[in-house]
Amino acid sequence: MKRSISAAVALVAVAVPLAACSSGGGDAASTELTSGPITIWYSTNEQEIAWGKAVVEAWNAEHPDEQVTAEAIPAGKSSEDAISAAITAGNTACLVYNTAPAAVPSFQKQGGLVNISKTFDDGESFITERSGDAADGFRSPDGDLYQVPWKANPFMLYYNKTAFAAAGLDAEAPKLSTYDDVLAAAKAIKDAGAADYALYPPASGDYTNALFDFYPFYLANSDGTQLVADGAATFTSEAGMQTLEFWKTLYADGYSSAEAYSGDAWAGPFADGVAAMGIAGPWGAAQFDGKVEYGVVPLPTADGKTLEETYTFGDSKNVGLYTSCQNKQTAWDFAKFSMDADNDLALLETTGQFPIRTDLTEVAGDYLAANPLLATFAQAVPLTVDVPNIANATEIWQTFRDTWGAAVQSGQGDLAEQMKSAADKIDSLAAQG
């Protein structure tokens, strides 16, 4: 099942234990919608705070009776924990500009999220006109939208030009489109001693780390097929097994390390020159600038694909409108204002993150032309995919990661048999929703 989601689960996004499927959430179709002051929450990211303050200031200047107060999400173990606690207490902000798609089923079950599709006459039309088919990837099992698609960070493959040149590889137009290409480059890098490893994603058994190795590569190789689709695991397909065999070879031949990195597990190996390639979104540039001379290419696949046809992981965050909000009409009007063309362009310029809109190149054409790296990532936005909106997500991803550690990283036992066993367990978990 293909999910054209421009979406981004940050690491903590999947960390919320997701409850069983539910029809919870604020339908509110018959509830009177009122206008007046509201509060919104944004993340603690410095650039996002700057963007949020500017948008709120512009709104408040034109809406004296519908003033918006902006605050950072309350401190907690994670943003998701803080939001969940606020739902329970009934004091969530009207809008949260840091709602993780993977947490939506849990928030919906708590009755914390407004059903955008049913509550506002233009709820569906605004979202689909702005985000196109990407919106479908964020729908809950009942087919409705309880989140507004907002921003995406498509993953691509970074490579170290200096290391590639030292290994006798083309540093400006490297051959990296297929799994065999990457394995050949990895061998050349190892033989030349150009870097300790070819790829060094986070190695620990934390289930969120599947988003930094297997999952982006699998999405690319399977044309956007999620880990679980239509209630069943998909990774034992031909495309899934190709990706699993590729990663197993990387570990077996010493091109990747299963040992936890001593520094930053996500950016460190590539930024420090320990790995010749790295997997990251556009945010990676800030981590690598001044440390590595790098280039960016689409994620490899078994047979090779162009950038325009390569699906990838979206690493998105969306906007939730919460049921404790007293003035839901103002909240919805502000949400739409914050995602108009001007504010979406400002989001890209201020944060380097991509608004999920179909006309991105038209809205941000001049800016992207002056920023070729971001222009490359922009081409990937329409093909970004996120984690499936399913019950028992934490247990499902952990089951996959545990099997990955044994069968792929350690190379123990028969790969196909172990993955089939994991798929059966995941099917059972998915069926409990």
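Which two cysteines form a disulfide, and how far apart are their sulfur atoms? In this predicted model, the pair is Cys94 and Cys325, with 2.1 Å between the two sulfur atoms.

**Figure 1. The disulfide of Cys94 and Cys325 in the predicted model.** A search of the whole structure returns one disulfide, and this close-up shows the two residues that form it, Cys94 and Cys325. The link is right-handed, with 85° about the S-S bond. Cys94 sits in the loop between helix 2 (79-89) and strand 3 (95-99), while Cys325 sits in the loop between strand 12 (317-321) and helix 12 (328-338), so the pair ties together parts of the chain that are 231 residues apart in sequence. Both cysteines, Cys94 and Cys325, are buried.

**Figure 2. The whole chain, given as the setting for the close-up views.** The chain is built of 18 helices and 14 strands. Its radius of gyration is 22 Å, close to the 22 Å that the globule rule gives for 433 residues, and the chain is therefore as compact as a globular protein of that length. Of the 433 residues, 58% count as buried, and among contacts between residues at least 6 apart in sequence, 78% join residues that are at least 24 apart. The accessible surface of the chain amounts to about 16,100 Å², with 47% of it belonging to carbon and sulfur atoms. The chain carries 23 positive and 56 negative charges, and the mean positions of these two sets are 5 Å apart.

**Figure 3. Asp223, a residue other than glycine with a positive phi.** The backbone at Asp223 has a phi of about 60°, a positive value although the residue is not a glycine. Asp223 belongs to the loop between helix 8 (214-221) and strand 7 (228-229). Its relative accessibility is 28%, and Asp223 accordingly counts as partly exposed.

**Figure 4. Asp315 and Asp386, two loop residues 71 residues apart in sequence.** Asp315, which is not a glycine, has a positive phi of about 50°, and its place is in the loop between strand 11 (312-313) and strand 12. With a relative accessibility of 11%, Asp315 counts as buried. Asp386 is found in the loop between strand 14 (384-385) and helix 17 (393-409), where its relative accessibility of 0% makes it count as buried. Although 71 residues separate Asp386 from Asp315 in sequence, the two are 6.6 Å apart in space, C-alpha to C-alpha.

**Figure 5. Gly284 in helix 11.** Gly284 lies in helix 11, which covers residues 284-288. At 0% relative accessibility, Gly284 counts as buried. For a pair separated in both senses, the view can be set against Gly205, which is 79 residues from Gly284 in sequence and 23 Å from it in space, C-alpha to C-alpha.

**Figure 6. Asp170 in the loop between helix 6 and helix 7.** The loop that holds Asp170 runs between helix 6 (161-166) and helix 7 (179-192). Asp170 has a relative accessible area of 43% and is partly exposed, since the partly exposed class takes in values between the 20% limit for buried and the 50% limit for exposed. Glu309 is 139 residues from Asp170 in sequence, and the C-alpha atoms of Asp170 and Glu309 are 23 Å apart in space.

Note on methods
Residues numbered from 1 in each chain as written. Predicted model: local features only at pLDDT ≥ 70, side-chain atom pairs only at ≥ 80, totals over all residues. Heavy atoms only, no water. Disulfide = S-S within 2.5 Å. Helix = DSSP H or I, 4+ residues; strand = E, 2+ residues; numbered from the N terminus. Buried < 20%, exposed > 50% of the residue type's maximum accessible area, 1.4 Å probe, protein only. Rg over C-alpha atoms; globule rule 2.2 N^0.38 Å. Contact = heavy atoms within 4.5 Å. Areas by Shrake-Rupley, 256 points an atom, 1.4 Å probe, with all protein chains shown as cover. Lys, Arg positive; Asp, Glu negative; His and termini not counted. Charge placed at Lys NZ, Arg CZ, Asp CG, Glu CD.
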